[in-house]
Amino acid sequence: MQLPVQGANPFTVRRIYCVGQNYRAHALEMGSNPDRQSPFFFQKPADAIVQDGGTMPYPPRTAAFEHEVELVVALGTEASVFGYAVGLDMTRRDLQAEAKKAGRPWDMAKGFDHSAPCGMITRAAELGEMSQGAIWVRVDGEMRQSSDLSQMIWAVPDIIAELSTYVSLQPGDLIYTGTPDKVGPVQRGARLHAHVDGLTDLRVAVGT
Ligand code: MN
């Protein structure tokens, strides 16, 4: 899968890593203690990407298809930051709750088809550190999640350093850096509009 890059050649996606519970208010709403958690990670398949302007079919086996707006980091050589994008970590929340309760993996809750909408990448050279700035998502025009990157528990360099202790990060890897609070459901036909200050907005729809 490829993602467009502002003013440059497309970025070929190798792997998609995601950080769990990286905003204090979201950890609390999920019933976790945000003070004692090291970041933890899960993956989505690279072909779960949905590009800006795309449509995600409403997924099977769920009655709780939820949005999580996130800053996405695109990696270059030697785990450097190539660029940033706006992403949505789409989640089958009911399957996630069942998995948590049973101590089972999250793959079917997080790593399903069309679960990783991601917008155009802006190269890091054209941006600052991305340690502050508004992050929000609207659904059918209604503000659902609205926070600031400064609320992240683990900043981008911390996430990369920690994830590097588990795996060899390679050019083409994406990292979804966690979502603020007020995650919630989307229905068939919904239109999602996601934003991070400084980046190109992401707009995707849910199939009818
Ligand atoms: Mn997430």
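At 17% relative accessibility, Trp106 counts as buried, where buried means under 20% relative accessible area, exposed over 50%, and partly exposed in between (1.4 Å probe, protein chains only). The model discussed here is predicted, so local features need pLDDT of at least 70 and side-chain atom pairs count only at pLDDT 80 or more, while totals for chains, interfaces and linings use all residues. Residues are numbered from 1 along each chain as its sequence is written, and side-chain values use heavy atoms, with hydrogens and water left out.

Rings of Phe, Tyr and Trp (its six-membered ring) pair if their centres lie within 6.5 Å; planes under 30 degrees apart count as stacked, over 60 as edge-to-face and the rest as tilted. The count by this rule is 6 aromatic pairs. One of them is the tilted pair of Phe42 and Trp106, with 5.5 Å centre to centre and 55° between the planes. This pair links distant parts of the chain, with Phe42 in strand β4 and Trp106 in the loop between α2 (93-102) and α3 (107-110), 64 residues apart. Helices (H or I, at least four residues) and strands (E, at least two) are DSSP runs, numbered from the N terminus. Phe42 is buried too, with a relative accessible area of 10%.

A charge sits over a ring if NZ of Lys or CZ of Arg is within 6 Å of the ring centre and within 35 degrees of the ring normal. Arg92 lies over the face of Phe112 at 4.4 Å from the ring centre, and Lys44 lies over that face at 6.0 Å.

Turning to the metal site, the manganese ion is coordinated by Glu68 (OE), Glu70 (OE) and Asp89 (OD), at 2.0 to 2.1 Å. Donors are N, O and S atoms within 2.8 Å of the metal (3.2 Å for Na, K and Ca); water is not among the atoms, so sites may look incomplete. The spacing of the donor residues in sequence is E-x1-E-x18-D. Glu68, in the loop between β7 (65-67) and β8 (69-75), and Asp89, in the loop between β9 (81-88) and β10 (91-92), are 21 residues apart and link distant parts of the chain. Glu68 is buried at 4% relative accessible area, and Asp89 is buried at 0%.

Strands β7 and β10 also meet in a sheet. An open sheet of 3 strands has the order β10-β7-β16, with antiparallel pairing; two strands pair if DSSP finds at least two bridges between them. Because β10 and β16 (184-185) stand at the edges with a single partner strand each, one side of each is left without a neighbour in the sheet. Antiparallel β7 and β10 are joined by 2 bridges, and Glu66 has Thr91 in β10 as its bridge partner.
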